[in-house]
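Hi,

Here is the structure I promised to pass on.

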Amino acid sequence: MITDRQNSKLTFFIFILVIIGLIVLGYFLIKKPDISEKILDDTETLEIDKTKNVVYYDNIDVISSEAQLEYKDIHINLNSDDAKELEAKLNNNMNKIRGKYTKLEDNSNQEIINEADGIAEAQIIDYNTFNSTNYVTIEVNEYEFLANAMTFDNKLTYYCLDKRSGKLLTNQIIMKQENLSADTIRTKIYDHIKDNNEIDIDVTMNNPYTLYYNEYGKVKANIIVKIGDINYNDNVEIN
């Protein structure tokens with residue numbers, strides 16, 4: 001027969017077990033967001049061929065090894081509509097300029113600043129890639145090579161793709177997923193240029209910018225800086 005004293009002890013013991021159970025349950029509920037985040041980071045990426053890089057090249061036509069001038073086809077190794085459309089767009093632009101170069105004449109008296117295996121001028125598109133765990137950014141550099149002059153009017157364009165979804169990321173998408181405001185970005189840009197008295201601050205701050213992920217998965221902004229009659233590209237670390 002259970003006495004009142006024994007019943008009280010049993011009730012107290014059950015109460016303690018319930019409290020411990022609630023504490024353990026609460027701990028795992030609190031940790032749940034971290035688990036979800038880890039699953040997201042480890043999500044399978046969309047590479048078509050796992051033996052190749054996310055971005056690779058073929059059909060390479062080197063016109064100057066001395067100046068590293070070449071034409072080539074780009075391949076984006078992601079199984080998505082955005083990746084396929086971007087690849088087609090970039091290769092179409094490359095085909096428009098492929099082979100558009102002139103050679104120096106043997107009797108040319110012009111001063112040569114940039115040696116390029118006899119190339120006088122050429123329309124060029126170069127690529128650079130920033131590949132992180134979840135993102136790949138393709139930097140497209142379009143410029144005119146001149147043997148007798150420096151080139152300042154190069155055009156940089158950035159395309160950032162999510163390797164898990166294959167989606168092309170806009171400024172708005174990156175801002176939303178990184179919890180960045182327009183004011184935060186403008187402040188970062190201003191702090192980056194404010195100490196250079198030669199920069200036209202007002203024009204530079206009103207120029208458009210492009211957000212992208214670098215090779216470390218950090219957000220950067222490509223900006224166009226105005227100094228006198230010269231516009232040049234610069235990159236600002238945002239987070």
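This is a predicted model: local features need pLDDT of at least 70, side-chain atom pairs count only at pLDDT 80 or more; totals for chains, interfaces and linings use all residues.

Residues are numbered from 1 along each chain as its sequence is written, and side-chain values use heavy atoms, with hydrogens and water left out.

Four strands form an open sheet in the order 3-4-5-6, with antiparallel pairing. Strands here are DSSP E runs of at least two residues, helices are H or I runs of at least four, and both are numbered from the N terminus; two strands pair if DSSP finds at least two bridges between them. Strand 3 (101-103) and strand 6 (155-162) are at the edges with a single partner strand each, so one side of each has no neighbour in the sheet. From one strand to the next, the twist averages 25 degrees.

In the sheet, strand 4 (residues 119-131) and strand 5 (residues 135-146) pair over 11 bridges in the antiparallel sense. To find your way around, look for Ile125, whose bridge partner in strand 5 is Glu142.

Helix 2 (residues 81-97) lies across strand 4, strand 5 and strand 6, and runs at about 165 degrees to strand 4. (Axes are lines fitted to C-alpha atoms, for helices over the stretch in contact, with angles from 0 to 180 degrees between N-to-C directions; contact means heavy atoms within 4.5 Å.)

Now the rings. There are four aromatic pairs in the structure, meaning Phe, Tyr or Trp rings (the six-membered one for Trp) with centres within 6.5 Å; planes under 30 degrees apart are stacked, over 60 edge-to-face, and the rest tilted.

One of them is Tyr57 with Tyr127, stacked at 5.8 Å centre to centre with 15 degrees between the planes. This pair joins strand 1 (residues 55-64), which holds Tyr57, to strand 4, which holds Tyr127, 70 residues apart. Tyr57 is partly exposed at 25% relative accessible area, while Tyr127 is buried at 10% (buried is under 20%, exposed over 50%, partly exposed in between, with a 1.4 Å probe and protein chains only). Lys72 also lies over the face of Tyr57, 4.2 Å from the ring centre; that label needs NZ of Lys or CZ of Arg within 6 Å of the ring centre and within 35 degrees of the ring normal.

Finally, ring pairs link Phe130, Tyr158 and Tyr212 into a cluster.

Cheers
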